[in-house]
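Q: Hi! Could you walk me through this one, starting with where the chains meet?
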Amino acid sequence: MGNGRFFGGVHPIYNKGLADARAIVEMPLPEKFVVFFGQNLGAPSQPVVKKGDVIRKGQVIAEAGGFVSTPVHAPTSGTVDSIDVYPSPVGVDAPAAVIIPDGKDEWFEECDVERSSDGLSIDIIKEIIHDNGIVGMGGATFPTHVKLSPPADKKMDTLVINGAECEPYLTADHRLMVEHAEGILDGAALFAAVIGVKKVIVAIEKNKPDAIEIMRKAAAGREGFSVEALDVIYPQGAEKQLIYALTKRKVPAGGLPMDVGVLVQNVGTALAAYEAVRYNRPLIRRVVTVTGSGIREPKNVLARIGTRFEDLIDFCGGLESDAAKCINGGPMMGVAQYSLDAAVTKGTSGLVILRQEEIAQFVSDACVRCARCLDACPMRLNPSALSIFAEKMRFEDTKKYNVMDCIECGCCAYVCPSRRPMVHHFRRAKAEVRKLQRKAG
Amino acid sequence: MEENIEGKKPEPKPKKVDVGPRFVVSSSPHVHDGRTVAQIMRLVIIALAPAALFSIYIFGLDALRVIAISVVSAAVFELVSRKVMKRNVTLRDGSAALTGLLLAMNLPSTSPWWLIVVGNLFAIVIAKQLYGGLGYNPFNPALVGRVVLLISFPVNMTARWVTASRFGADAVTTATPLTRMKESLATLGHIDMAFGKKEILDLLIGNRAGCLGETSVILLALGGLFLIWKRVISWRIPVMFIGAVWAMTGVFHLIDPARYANPIFHVITGGLFIGAFFMATDYVTSPVTKNGMLIFGAGCGVITVLIRLWGAYPEGVSFAILLMNATTPLIDRYTRPKVFGAADSRKAAA
């Protein structure tokens, strides 16, 4: 136990000062929403509305498509204008419902009704969490009820509430902790009860001293709760690295945190789960940090799921004239957008807009074998060799060199003096290895 | 396109259609720490500068001549070979200039111009560009240049030393300390040389015969520490290299001091410091793994001592590094870092 440092990592320019002191502001209803049906990692949800349907806020518009799946809810009351394919923020075109608000913003029946969470059974809590469409809001969007259901042979002993927020620029989790400490901890208590653990660690990087202080105060009266201040190093918030820093336990390669008895949940997820259980509020809004030097008024926006990026940007004063890149997520792992028709999903933690001189151009110059990437890789891979194999399409070799353990954190590319597009190579190699595995299987 | 030649009307400009903002789309990450290959090469050149300037101070304008011819010819060979191969010109990355400087540091101040040019021909064209340029060369280009010259023109490379003129005895043909050691051992059966405080001081400062960059051990070490401090190189290769030379010659010195010189002599003489800090640490031709660097450094040290004590040449640093260059891919393969959470940690978790 203790504040151990994980191996590798980098110190990017954080630029969190653009937004970290700005309180969360709720965005008024835009003229239309684009709500994607596939909002979680795993099986895509199945649409249950059609063009012309009149819906209310919180009504299910897509049902879970399997166990590893969650329903999607309407962000407001209104009409389904069309169901069409839209550019999704993760870079592919995906089916979505276009919803025109009626302005009344009326809840669907049973939604937004306060109830006591005392006496609810574990299964009921998990069901509520599932029914309200709760997924990991740190960006991975893995269905929370699945994470809360470890197999019986896994002995869980620790819950980690992830408030590290190690991605540069993003301050959504920071603001949540400052403004909603109690709700987050209530959500954490729910999670702890569900998986049957007594120990809850809230992990926060030291660059958020106000959040640490507030969370410590809020956690003071709660038995088993502690708040750990972590060194500021990217990717401190990556699950495996975070668990190691807090507990010195190493999640086995290819394994999951539950293999070492730990469950990690993002602070936003904890709050959303609390609101789901306590108020039966489905996940239809989240905090999105709209920031970067390319936006006129950086803000932490409480935005409905389905808010188009264009509307979000307008709400934040619009783009600077030399805005050159729009990123869904942070600059280390986020996805560059080609269209502002894309919209907020449950995994949209931020919209970072950078200007031309700030964005890195990656080219395919030869690797000079400087080994900086080996020092930076928090998974202890050999990115240099991996990228060369990938370039030569030697995918069997990338597998042998553990490309499947790559967490795509981007540290290798961040430090590469030859500006090689490392992560791009590894994503491709991973896809090819999966293809090989399918063929073999 | 605006000119209105021969009465032709300029094409009307297409009306600008507002398609919304255009964004750069690329894979993450979207930011970079700013370090470039050219910056790294510049730092290495800066680290070499004190020793290079000192060589001009002690060997006079001849040293400047060698450095100038070497750097210019390296750059010209780089430019010409890239042009001939129809590839992008890579002069800006600074690697050719650095190779030229390193080769110059490995030549005697008496080198004729053609010798320097031939050395750079082999370094840049044969050892580097024919393999595909920076990043693809298996052997250290500057050392290939030096060794080709050493084997082909032994008289120019080993027999025409001048002792540093600033310390007197100007332009007297003399032998390097390592050559004297080896010759006395061959003729007398034991090493015949003084090695006291004065000699140590002379070697440290650079008051001796040798290549330009071999002389000032102190300035080379400072340059090397600068590179380690700037995180351009790791301590692993130089420490293991110098440490292995010290330890191995130390053992033999203990066994028979009459035949084997003091380990401190071995460490501060010859090309060990420039080799250990500036040549063996060449990124492209040395391992990328941490353990690999340790093995590589130690291997360089052991081979250097083998050649110095029992080989035909008085000095073995260049050969040692080149031989270890050949093992680099193998070392990298067998010293792969264990992925985070690999088998061993499963026990710890259980």
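**Where the chains meet**

A: Happy to: 59 residues of chain A are in contact with 37 residues of chain B (C-beta atoms, placed from the backbone, within 7 Å). This is a predicted model, where local features need pLDDT of at least 70 and side-chain atom pairs count only at 80 or more, while totals for chains, interfaces and linings use all residues. Residues are numbered from 1 along each chain as its sequence is written, with chains lettered from A and ligands numbered from 1 in the order in which they are written.

Q: How much of chain B is buried?

A: Buried residues make up 48% of its 350 residues; buried means 20 or more other C-beta atoms within 10 Å of a residue's own.

Q: What about α4 of chain B, how far does it reach?

A: Helix α4(B), residues 113-126, reaches 19 Å from its first C-alpha to its last, close to the 20 Å expected (1.5 Å times one less than its number of residues).

Q: Which of its residues are buried?

A: Among them are B:L115, B:I116, B:G119 and B:F122.

Q: What do the buried ones pack against?

A: The buried residues of α4(B) pack against α2, α3, α5 and α6 of chain B.

Conventions
Helices (H or I, at least four residues) and strands (E, at least two) are DSSP runs, numbered from the N terminus. A residue is buried if 20 or more other C-beta atoms lie within 10 Å of its own, exposed if 12 or fewer, and partly exposed in between; C-beta atoms are placed from the backbone. Two residues are in contact if their C-beta atoms, placed from the backbone, lie within 7 Å.
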